[in-house]
Amino acid sequence: MSLLELRGVRKRFGTHDVLQGVDLSVAKDEVVALLGASGSGKSTLLRAINLVERVDDGQILLAGEDITDPRIKADAVRSRIGVVFQQFNLFPHLSVIDNVTLAAVKVHGWSREEARAKASGLLSGIGLGDKVGQYPDRLSGGQQQRVAIVRAILTEPELLLLDEITSALDPMLVGEVLDLVRSLKDTGSTILMATHEMGFARSVADRVVFMYQGRILEEGTPEQIFDNPRETQTQEFLARVTHR
Amino acid sequence: MSGRVAEATWEPSALERNRRVFRARASRRSVAVAFISTIVLAAVVSFSVVNSPGWDAVKDTFFNVDVGAKAFPRILEGLWLNLRVLFFSAIGVALLGSLLAIMRSLRGPVFFPIRALATGYTDLFRGMPLIIVLYLVGYGIPALGLFPRLPAAVWGTIAITVTYAAYVGEVIRAGMEAVHPSQRIAARSLGLSHGQTLRLVVIPQGIRKVIPALMNDFVSMQKDVGLISVLGAVDAVRGAQISVAQTFNFTPYVVAALLFVLLALPMIRLTDYLSARLARREQNSGTV
């Protein structure tokens with residue numbers, strides 16, 4: 001059974017159909033990369049899965065449970081999903097350690113000590129052990145984004161959504177963030193990520209999904225999509241992003 | 001982004017139709033719950049008031065329809081004076097408040113005296129009770145003998161203006177400081193002068209940020225214009241007071257209070273509406 005399953009998901013903003021019936025499934029421990037131009041619906045899809053955007057039709061199932069059912073407790077669903085944003089979205093009034101442990105303590109009911117111990121361990125593991133007491137504005141973009149990833153994974157969510165997490169970063173800092181994502185894959189995580197890093201998608205993703213105008217136009221292994229794209233729109237998109 | 005044409009043929013699935021029915025039912029249920037709980041609360045409150053031991057006396061002294069009707073024209077006439085005072089003090093406050101805000105945000109040692117003056121002014125008038133300012137301005141300044149005899153309402157207008165300008169100036173200044181420094185840098189690097197930057201970039205953005213706070217000050221001012229009655233101006237409060245003295249009945253005060261509330265209501269609603277709209281705009285959609 002797939003961990004995440006989308007069936008005919010539609011979203012419309014005014015008269016603009018952002019998602020026009022998306023079917024997608026993600027297996028446990030699978031890493032799926034979403035590719036597509038700006039406005040193709042990648043971010044909206046991730047927001048719909050996180051229940052930040054209410055779908056206009058279709059179903060989203062998380063571990064077999066229909067999370068688009070209006071009776072569902074949205075907060076409970078969101079606490080099972082980790083999200084990392086393009087702009088990091090760390091809380092500027094909280095230190096690194098407080099950013100990371102906030103949800104564990106307030107939502108998941110961990111003790112402060114337990115949460116801090118685990119958070120410090122994870123932060124030290126990625127070389128941020130000396131930053132725990134710092135505030136986000138003292139950190140580089142890459143450091144902030146890695147803190148944001150630790151914040152998202154501390155409570156071991158079933159699913160991790162990454163929304164173009166390197167797009168706001170200096171090219172020099174992209175590597176450290178991607179290395180962290182790669183290590184998450186190695187320890188077994190289910191990840192759905194929208195990305196513009198083609199090389200990274202190729203090397204990390206188990207499956208690549210190409211979105212075009214609110215639909216999934218083509219999906220397959222990285223080799224299929226990058227080396228033998230079937231659709232002309234996929235070919236054009238890849239030609240544009242790889243020959244810049 | 002391409003302007004994708006919506007599929008005219010798309011019909012919601014049975015699943016989505018069921019969800020919509022469920023949501024509609026849930027929202028009807030919450031409206032019903034709100035309605036019932038309001039009725040119950042109103043019933044409990046009115047029952048306990050009406051059955052209190054002193055209710056008959058209170059009803060006769062505070063809610064006497066005859067006395068209220070008789071006092072009404074005088075109070076309404078007084079309210080017209082309040083409205084005029086409000087009109088002129090609002091304009092005065094807008095001008096003086098902006099001036100104070102700009103004075104306080106001038107940079108550089110040359111402007112120290114101006115900054116200090118503005119700071120001292122706001123400290124003084126935010127600290128002093130309005131009623132004392134009214135006495136000082138209303139009785140003190142005419143006593144200097146420099147000005148011709150002016151109606152009390154004029155001095156009241158001045159007192160309200162100088163007091164509220166201190167508050168409003170601080171609100172505007174807070175708004176200007178909330179504009180991100182990068183906006184100033186961007187404006188200056190286009191070649192705009194300090195003054196142009198303030199006028200064309202900083203103030204428009206800053207005011208937008210503090211509109212709810214400014215409206216709140218305006219609502220507060222709307223009722224404080226009733227205080228000019230202490231100078232003897234025959235406004236709504238004074239009109240009510242005269243009627244009270246004639247009838248030994250407090251109903252005219254209640255009438256005046258209701259009129260002030262009616263006066264404030266549109267503004268209060270507008271403030272709520274603007275705040276909600278601002279919140280919607282800053283939150284980039286979504287249901288959270």
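**Exercise 1. Describe the hairpin of β9(A) and β10(A), and find which residue in it takes a positive phi.**

Solution. Step 1: in this predicted model, the hairpin of β9(A) and β10(A) has two residues between its strands, and Q213(A) takes a positive phi near 50 degrees. Strands here are DSSP runs of E with at least two residues, helices are runs of H or I with at least four residues, and both are numbered from the N terminus.

Step 1: β9 (residues 207–212) and β10 (residues 215–220) of chain A pair in the antiparallel sense over five bridges, where pairing requires that DSSP finds at least two bridges between two strands. Within this pair, M211(A) stands opposite I216(A), and V209(A) has E219(A) as its bridge partner.

A note on conventions: residues are numbered from 1 along each chain as its sequence is written, while chains are lettered from A and ligands numbered from 1 in the order in which they are written. Because the model is predicted, local features need pLDDT of at least 70 and side-chain atom pairs count only at pLDDT 80 or more, whereas totals for chains, interfaces and linings use all residues.

**Exercise 2. Is strand β3 of chain A largely enclosed or left open by the rest of the structure?**

Solution. Step 1: a residue is buried if 20 or more other C-beta atoms lie within 10 Å of its own, exposed if 12 or fewer do, and partly exposed in between, with C-beta atoms placed from the backbone.

Step 1: five of the five residues of β3 (residues 31–35) are buried, so the strand is largely enclosed. V31(A), A33(A) and L35(A) cover one side, and V32(A) and L34(A) the other.

Step 2: β3(A) runs parallel to β8 (residues 191–194), joined by four bridges, with V32(A) and L192(A) as bridge partners. β3(A) also pairs in the parallel sense with β9(A), over four bridges, and A33(A) stands opposite V208(A).

**Exercise 3. Which residues of the largest nonpolar core touch the most other members?**

Solution. Step 1: a nonpolar core is a set of buried Ala, Val, Leu, Ile, Met, Phe, Trp, Tyr and Cys residues joined through C-beta atoms within 7 Å.

Step 1: the largest such core has 66 residues, and A33(A), L34(A), L161(A), L192(A) and V209(A) touch the most other members.

Step 2: leaving aside residues up to four places away in sequence, L34(A) touches K42(A), L45(A), L192(A), M193(A), A194(A), V209(A) and M211(A), where contact means that C-beta atoms, placed from the backbone, lie within 7 Å.

**Exercise 4. What is the strand order of the open sheet of four strands in chain A?**

Solution. Step 1: the order is β2-β1-β4-β5 (chain A), with antiparallel pairing.

Step 1: five bridges join β1 (residues 4–13) to β4 (residues 57–62), and E5(A) stands opposite L61(A).

How values were computed: Two residues are in contact if their C-beta atoms, placed from the backbone, lie within 7 Å.
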